[in-house]
Amino acid sequence: MSEERGEEIQNLSNRRFRRRTYLGGLGAALALPASAALLSACNRLSENGGTETKVAGGGISASAEEIIARRKLSPDDVTAALSTYLPSGRLDDYLMFASGGQSGQVLVIGLPSMRLLKLIAVFTPEPWQGYGFSDDTKAVLDEGKVAGRSITWGDTHHPALSETDGDYDGQWLFINDKANSRLAVIDLRDFSTKQIVKNPLLLSNHGGTFVTPNTEYVLEGSQYGVPLGWEYAPITEYKEKYRGMLTCWKFDRQRGRIIPEESFGIEVPPYGQDLADAGKLVSDGWAFWNSFNSEMATGGDMQGKPPLEMGASQRDMDYLHVVNWKKAVDVVKAGKAETIKGFKVIRIPTAVSEGILYLIPEPKSPHGVDVTPKGDYLVVAGKLDPHVTVYSFAKIQQAIQKGNYEKDDFGIPILPFKDCLEAQVEVGLGPLHTQFDDQGYAYTSLFLDSAVSRWSLGKPYRDDGWKAIEKVPVQYNVGHVAAVTGDTVKPLGGFLVALNKWSVDRFANVGPLLPQNLQLLDIAKDHKMRVLYDLPIGNAEPHYAQIIPRERIKAFETYPEVGWNTITQSKDPNGTALGKERIARDGNKVEIWMTSVRSHFTPDLIEVNQGDHIVWHITNTEKARDATHGFALPLYNINLSLEPGKTETVSFVADASGTFPFYCTEFCSALHLEMMGYFLVKPSS
Ligand code: CUK
Ligand code: CUA
């Protein structure tokens, strides 16, 4: 840009900045609740001057006042907009990793702007990332096969960022697939999925993924009971044969992989285990799962029995499962686990005799259990009870020591409710999930009230005791809430996102299947909570999310070296440097080492015979940030993403003869359209 032109723009923007703003007199007239600082700043600006400003192009620019009037914005709308707006080029302070629900993906959303930054493909093939098209990513998806069958979707619920000392370290992300009891490992160096593990004994999970404070284990609780290994058993044998299982998956940080051989399960009754949380600090070594069907209802509504959900809501109490996972690790090491279908399982009697498993009554059909930042209390929210119930970890330990407990039908000790209870706080209708801030407040979603409750934790968090403070409506039917690092030992507060199930009237009508509504709330300490922004999610139902400060994520800008294998995160033996491209034939196997760089593929002309086995390596030799190429091959259903430095391999049989123009699918350069070549397959006869 010339200096002259630069100055011109500078002057223009100064003039615009000084322009009269709406708040000058309007504020007083409307008795704005907008902050006084904002008002006076705006007043100062307006005193300095400003009439309407001519802008380039000859039009009159609208003043802030005019925009507000034209768009019918209330003062609250204006402060909300100012709280979330990011000028182009300015970066969000936080990243939110939200589950992608039925899409089988993870959504990455910037806060406070609430802009969608990325979709991470996890359980579902995804063309933009070439996920499920290259040999390596196909192999990752194949790890998730169930009894040899490819599953092409996932129901992701609970993302878990890896933790060091109970706080997010920004290195790894885990997420569960509720539908098929699977887990995935995502590497945050490149935001891509590296591993899927299938639980060999279960078909559904829910209370996962949750990590232990140093990510030693990734926890996964089953939801719907089945015989372990899911072989057929008559429903009349539910109590005898059906079971739940709490699985501790060993995570090896060095290898960046879950190690199934070092993982194990703890057998539990078929009580419909639900959400979970790992203990931390004083409760490190323990983990907690709710359950909602201690009645062991099995439905049969057409056989004259109560419908399942009624059967499952008959008792006043269900059971919180209290698990000493550290002791369980020792018990497995001592050889006291059984092996079922190749997987180690601690059976119920062993879990009981070793002091690994306890139950505590909890109010009817609970959903979330959340451990407070110091690890000293557990907050359980019962969907059918307007209170949150707070258990003291110290009291639980005392009750265990005391030892005079009843047992359930499976011989598991039931600790007396009253002995473990610290407080109950009436927060509103349908409480589900709780997060925490840096002020000693807790935030609980209220599904039935469509609201978020802010309530205060008692000592040692706050002196005002356990009590409800305020509620703010959200739109509508909130499931989880996520606050900044809101489930760690150091919650930062400031923002909270309500992940709402229904959006009803919030967005333009796009037909009967409506988007979800993720709402950003300002929960700063100095004022009442308020909703700032609505983000429609139009591809699935997110459940849980976690929010981490942006600077904790140290992702690659480009891959570290040209010829990089993104699964091994090291040099790929088939990485190809410029000038080293080649095609080799060995019998009917044709191997291609190709490079891509703006704006060509080398080689750009390949001829093979019908029936040849093709092994095609492509290395993007670009070093510039964002210089991604794509690779599309028609008919053969191939689309790759080649980020700078990446090497991908795709293997297939050239079983269809013909003339196949391959091309780059990323608009990478002025000659992008010319970035193509021909793959000719000569008919065999
Ligand atoms: S569940 Cu979805 S709102 Cu899977 Cu965490 Cu509670
Ligand atoms: Cu490379 Cu377009």
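Two strands are taken to pair if DSSP finds at least two bridges between them. In this predicted model, that criterion applies to strands β24 and β25, which form a hairpin with four residues between the strands. Within the hairpin, Gly440 adopts a positive phi near 85 degrees. Strand β24 covers residues 431–436, and β25 covers residues 441–446. The two run antiparallel and are joined by four bridges. Across the pair, Thr434 is placed opposite Thr444 of β25. Six of the six residues of β24 are buried, so the strand is largely enclosed by the rest of the structure.

The C-alpha trace spans about 85 × 80 × 50 Å along its principal axes. Of the 685 residues, 57% are buried. When contacts between residues at least 6 apart in sequence are considered, 61% of them join residues at least 24 apart.

The accessible surface of the protein chain amounts to about 29,000 Å², and carbon and sulfur atoms account for 53% of this area. The chain carries 70 positive and 84 negative side chains. The centres of these two sets lie 2 Å apart.

Two loop residues were also examined. Gly272 is located in the loop between β11 (257–268) and β12 (273–278). Its relative accessible area is 6%, and residues under 20% count as buried, so Gly272 is buried. Gln223 is 49 residues away from Gly272 in sequence, yet the C-alpha atoms of the two residues are 5.0 Å apart in space. Gln223 is also in contact with Gly272, as are Asn290, Ser291, Phe292 and Asn293, with neighbours of Gly272 within four places in sequence left aside.

Thr621 occupies the loop between β39 (613–620) and β40 (629–633). With a relative accessible area of 10%, Thr621 is buried. When residues up to four places away in sequence are not counted, Thr621 touches Val562, Thr576, Leu578, Thr595, Ser596 and Val597.

How values were computed. Residues numbered from 1 in each chain as written. Chains lettered and ligands numbered in written order. Heavy atoms only, no water. Buried < 20%, exposed > 50% of the residue type's maximum accessible area, 1.4 Å probe, protein only. Contact = heavy atoms within 4.5 Å. Areas by Shrake-Rupley, 256 points an atom, 1.4 Å probe, with all protein chains shown as cover. Lys, Arg positive; Asp, Glu negative; His and termini not counted. Charge placed at Lys NZ, Arg CZ, Asp CG, Glu CD.
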